[in-house]
Amino acid sequence: MLDELAAYKLMERLGIACAPAVALDAGIARAPALPFPYPVAVKALSAKIAHKTEIGGVVLGVGDDAALLAAIRRIRDAVAARATDIRIDRVLVQPMVSGLGEVLVGYRIDPDVGPLVMVAAGGVFTEIYRDRSLRLAPVDLAIAQEMIAEVRGLMPLAGFRGKPMGDLDALARAIVALSQLASMDGPPVAEAEINPLIVLPAGQGVVAVDALVKLMV
C-alpha cells in the first residue's frame, strides 16, 4: 500500500486535483511555517494504515502552532495504543477544505470481472445511503455522467430543490481519470479510493482530501 502522500502523487499523475499537503517529522518540538493557513487537518502518514480515523490517526480543525504540536502528540499516542506494531515517524498536514458535497470514487480489480470503477456519496453518507454505481473500467465521460445520475445521494449536487450546483463536470472527469488505472503504465493497482472527493461549486472543480492506493502483490 502507498502512504497518503504517495497516493496523492499518483492521483495528480492521473489529473485529479488534490489538496496541498506537507509531511512533517512526528518528533518535532517546534511548529514550522506552513505553506497554507490554519485551520489544518493532521493525519498519521504510514503505508501500514488504511483507515486512519479508526485508530485515532486524524485530528481536524487544528487552529495554530500549539494545537499542531498537540495534534501530532495525540496521533502518536493514539496509534501507539491501538496499533502497537506501527510507529508513526511522519504526519501529513493539509488545509481544511470545504465544498458543496463529498463523493467517494473508487477503483478495484474484481477477480471475476476485472477492473471496476465506482462512485457513491462520500464521507459519512457512504454508510448511510449505501447506494452506488459501478462500471467496468476504463469509462468515458458519458458513462461517468450516467454513474453520477444513478447515485441518489448525489442529487443535491445537481441543484435539487434550489440547492447550488456542484461541479458535476469536474466530478465526471475525475471518475474517468481514476478509471484509467485499468490501462495505466507502471505497477498495477489492485485498489484505489478517494474518500472524500470534495465537490466545489460549478466551474470550480473537485479536490481529493484523502486517498488510498493498494498495489498488486
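Where is the place of P39? I found P39 in the loop between β1 (22–25) and β2 (40–45). I keep in mind that this is a predicted model.

**Entry 1: cis peptide bonds**

I checked omega at P39. Y38 and P39 are joined by a cis peptide bond, with omega about 0 degrees. I then looked at P138. A cis peptide bond also links A137 to P138, and omega there is about 0 degrees. P138 sits in the loop between β7 (132–136) and α4.

**Entry 2: α4 against α5**

Two packed helices are described by the angle between their axes and the distance between the axes. I looked up both values. Helix α4 covers residues 141–150 and helix α5 covers residues 168–179. They pack at an angle of about 115 degrees, and their axes are 8 Å apart. Angles of 65 to 115 degrees count as roughly perpendicular, so α4 and α5 are roughly perpendicular to each other. I noted the hand too: the crossing of α4 and α5 is right-handed.

Which residues of α4 and α5 meet? From α4 I listed L141, A144, Q145, M147 and I148. From α5 I listed L168, D169, L171, A172, R173, I175 and V176. Sorted by class, this contact has 9 nonpolar, 1 polar and 2 charged residues.

**Entry 3: the cores**

I looked up the largest nonpolar core next. It has 42 residues. Those with the most contacts inside it are M11, I16, L154, L171, I175, L178 and L197. L171 and I175 were already on my list for the α4 contact.

Which elements each supply at least two residues of this core? I noted α1 (4–14), β5 (101–110), β6 (114–121), α4, α5, β8 (189–199), β9 (206–208) and β10 (211–215). The most comes from α5, which gives 9 residues.

**Entry 4: P187**

Is P187 buried or exposed? I found P187 in the loop between α5 and β8. Its relative accessible area is 60%. Exposed means over 50%, so P187 is exposed.

I also checked P187 against V217. The two are 30 residues apart along the chain. Their C-alpha atoms are separated by 9.6 Å.

Key
Residues numbered from 1 in each chain as written. Predicted model: local features only at pLDDT ≥ 70, side-chain atom pairs only at ≥ 80, totals over all residues. Heavy atoms only, no water. Axes fitted to C-alpha atoms, helices over the stretch in contact; angles between N-to-C directions. Helix = DSSP H or I, 4+ residues; strand = E, 2+ residues; numbered from the N terminus. Parallel < 35°, antiparallel > 145°, perpendicular 65-115°, else oblique. Left-handed = near helix turned anticlockwise from the far one by under 90°. Contact = heavy atoms within 4.5 Å. Nonpolar A, V, L, I, M, F, W, Y, C, P; charged D, E, K, R; others polar. Core = buried A, V, L, I, M, F, W, Y, C linked by side-chain atoms within 4.5 Å. Buried < 20%, exposed > 50% of the residue type's maximum accessible area, 1.4 Å probe, protein only.
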